[in-house]
Amino acid sequence: MKRLQNISIDSLVEFQQLIDITMDKLALLTSPIRILYGELDEPLYKESAEVIFQSVATNQKTMKGYPNSKHLMTLGTDINDVNKDILTFLNELTW
């Protein structure tokens, strides 16, 4: 909480505006997408992943949860699986 007290309210407002703009533009996303979330994270993050999944226009989309991870999946127990899945996704793209 102490760190949050030192953050400017303007920064938080700008961050929320960025989130809102991004959410409004999801329907324009036609590129392949892979949505990842940690299953040990707050339920809101899984719900957010589902909203993103349903909102994007592309049919080339997948979503995966990692059972042993929280929000920072790349630093958690599932790090190897996360990295492997990201690399697989990128390698399967037609560049």
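This is a short tour of the structure, one selection at a time.

Bear in mind that this is a predicted model, where local features need pLDDT of at least 70, side-chain atom pairs count only at pLDDT 80 or more, and totals for chains, interfaces and linings use all residues. Residues are numbered from 1 along each chain as its sequence is written, and side-chain values use heavy atoms, with hydrogens and water left out.

**Whole chain.** Select the protein chain and colour it by secondary structure: you will find four helices and two strands, in the order α-α-β-α-β-α along the sequence. Helices (H or I, at least four residues) and strands (E, at least two) are DSSP runs, numbered from the N terminus.

**Buried residues.** Turn to the buried residues, meaning those under 20% relative accessible area with a 1.4 Å probe, protein chains only. They make up 19% of the 95 residues.

**The largest pocket.** Now select Tyr 45, Ser 48, Ala 49, Ile 52 and His 71; of the 19 residues lining the largest pocket, these are the closest to its centre. Its volume is about 610 Å³, counted as the space filled by probe spheres set on the grid points, which are joined across faces, edges and corners. Here a pocket is an open set of points on a 1 Å grid where a 1.4 Å probe fits, with protein on both sides within 12 Å along at least five of seven lines, and lining residues have an atom within 4 Å of a point.

**Around the pocket.** Finish with helix H2 (9-25), strand S1 (33-38) and helix H3 (43-55), the elements that each give two or more residues to this lining.

Methods
Buried < 20%, exposed > 50% of the residue type's maximum accessible area, 1.4 Å probe, protein only.
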